[in-house]
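Subject: Structure for you to look at

Dear colleague,

Here is the structure I said I would pass on. My notes follow it.

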Amino acid sequence: MKVEVRDVSKRFIGERAALDCVSLTVADGEFVALLGPSGSGKTTLLRVLAGLDFAEAGSILFDGRAMDAVPARDRGVGFVFQNYALFRHMTVARNVAFGLEIRPRNRRPSPAEIRRRAHTLLDLMGIGGLGARYPAQLSGGQRQRVALARALAIEPGLLLLDEPFGALDAQVRKNLRVWLRDLHVRMGLTSVFVTHDQAEAMEMADRVAVLNAGRIHQVDAPERLYTDPTTPFVHEFLGESVRLACTVRAGQARIDSVPSATIPTACPPGPAFALIRPHEIGLLPGPGAARAVGVHTTGPLKRVVLMFAERDVEVLCPLDAWTPGVGDTCGLDLSRARIYPLAAAARGAAPPRGGHGLPAAAMSA
């Protein structure tokens with residue numbers, strides 16, 4: 001199933017927009033993660049896709065068919081809730097069969113077929129011997145697999161998962177996300193997965209949509225989100241970032257705390273800020289604005305702690321790279337910094353086209 005979200009907005013009474021003109025396309029067979037902080041709109045978007053909430057503006061299309069007036073039961077969507085939502089009074093097998101048993105009579109499989117399908121799915125989930133148990137008799141990981149089996153029993157065109165691993169310990173989470181990704185591929189599913197766990201999103205998804213305050217900031221392959229963030233929010237939300245105030249004049253951003261450091265930019269003139277990841281900072285021999293206060297070897301890397309711009313910044317360097325000794329000063333290569341207008345700090349807006357990541361010569365600061 002191909003999914004299209006077109007300019008969807010949703011507001012709850014007395015609150016800011018939970019979704020603010022959101023657009024997203026999920027290709028047939030794709031695994032997309034919705035990633036963002038609490039309150040960013042991830043679960044609301046998932047519920048709108050499922051038909052559990054309805055958008056106030058915009059449209060949802062499944063394989064080109066508008067879903068705006070289609071109730072949840074007729075959308076062909078499997079939903080795995082964060083708290084699993086299993087029926088405590090039903091056995092595991094009955095939980096899995098529930099979605100089939102409540103279908104209208106003309107669409108309902110025979111009782112024998114329902115039982116067969118439920119046991120086949122439990123076998124697929126690796127819990128084939130647990131059909132007669134009740135949810136209270138299962139571990140968290142087992143309950144998660146039952147919830148997933150129930151969602152798949154109706155043979156959905158779209159599988160939606162709302163932080164399904166949130167209640168599990170770290171090792172179980174790790175095992176289940178590898179297993180779920182493999183299941184997605186083997187069954188040819190189209191899946192949308194909500195998480196606030198960056199590692200989870202990066203490991204499992206074909207593409208990740210990063211949300212904040214009801215808007216999608218960037219949709220991209222996991223590696224590109226980290227190496228080529230298009231907004232300051234994405235840059236600072238994923239991984240470590242060092243923020244430095246700067247001023248733009250005549251196409252050059254000058255770092256305020258290091259006046260000799262300039263970076264070419266297409267940002268408009270005026271106050272701005274630079275973002276750079278610690279591993280992107282280059283160290284240059286000679287006097288400069290940074291002073292080493294600690295040097296440690298960790299496996300294949302050296303960690304150099306610098307006092308720079310009135311704070312400690314940890315820089316990772318290869319073992320064979322030059323590094324200063326403790327107490328020594330050094331210059332800084334900040335050419336890989338991205339420059340954003342100061343106004344972008346509040347709204348997380350993307351910089352002007354070509355306004356960041358421009359090549360620049362190494363600079364001694």
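Strand S11 (residues 242-249) pairs with strand S14 (residues 270-276) in the antiparallel sense, over seven bridges. Please keep in mind that this is a predicted model. Within that pairing, Val242 has Ile276 of S14 as its bridge partner.

S11 also runs antiparallel to strand S12 (residues 252-255), and four bridges join the two. Here Cys246 is the residue that stands opposite Ile255. S11 and S12 form a hairpin with two residues between the strands, where Ala250 takes a positive phi near 50°.

Which side chains of S11 are buried? They alternate along the strand: Val242, Leu244, Cys246 and Val248 point to one face and are buried.

The axes of H4 (residues 140-153) and H5 (residues 170-187) come within 11 Å and cross at roughly 20°. Because angles under 35 degrees count as roughly parallel, H4 is roughly parallel to H5. Their crossing is right-handed.

On the H4 side, the contact consists of Gly141, Gln144, Arg145, Leu148 and Leu152. These meet Val172, Leu176, Trp179, Leu180, Leu183 and Met187 in H5. By class, the contact has eight nonpolar, two polar and one charged residues.

Regards

Technical notes
Residues are numbered from 1 along each chain as its sequence is written. This is a predicted model: local features need pLDDT of at least 70, side-chain atom pairs count only at pLDDT 80 or more; totals for chains, interfaces and linings use all residues. Side-chain values use heavy atoms; hydrogens and water are left out. Buried means under 20% relative accessible area, exposed over 50%, partly exposed in between (1.4 Å probe, protein chains only). Two strands pair if DSSP finds at least two bridges between them. Axes are lines fitted to C-alpha atoms, for helices over the stretch in contact, and angles run from 0 to 180 degrees between N-to-C directions. Angles under 35 degrees count as roughly parallel, over 145 as roughly antiparallel, 65 to 115 as roughly perpendicular and the rest as oblique. A crossing is left-handed if the near helix is turned anticlockwise from the far one by less than a right angle, and right-handed if clockwise. Contact means heavy atoms within 4.5 Å. Ala, Val, Leu, Ile, Met, Phe, Trp, Tyr, Cys and Pro count as nonpolar, Asp, Glu, Lys and Arg as charged, and the others, Gly among them, as polar.
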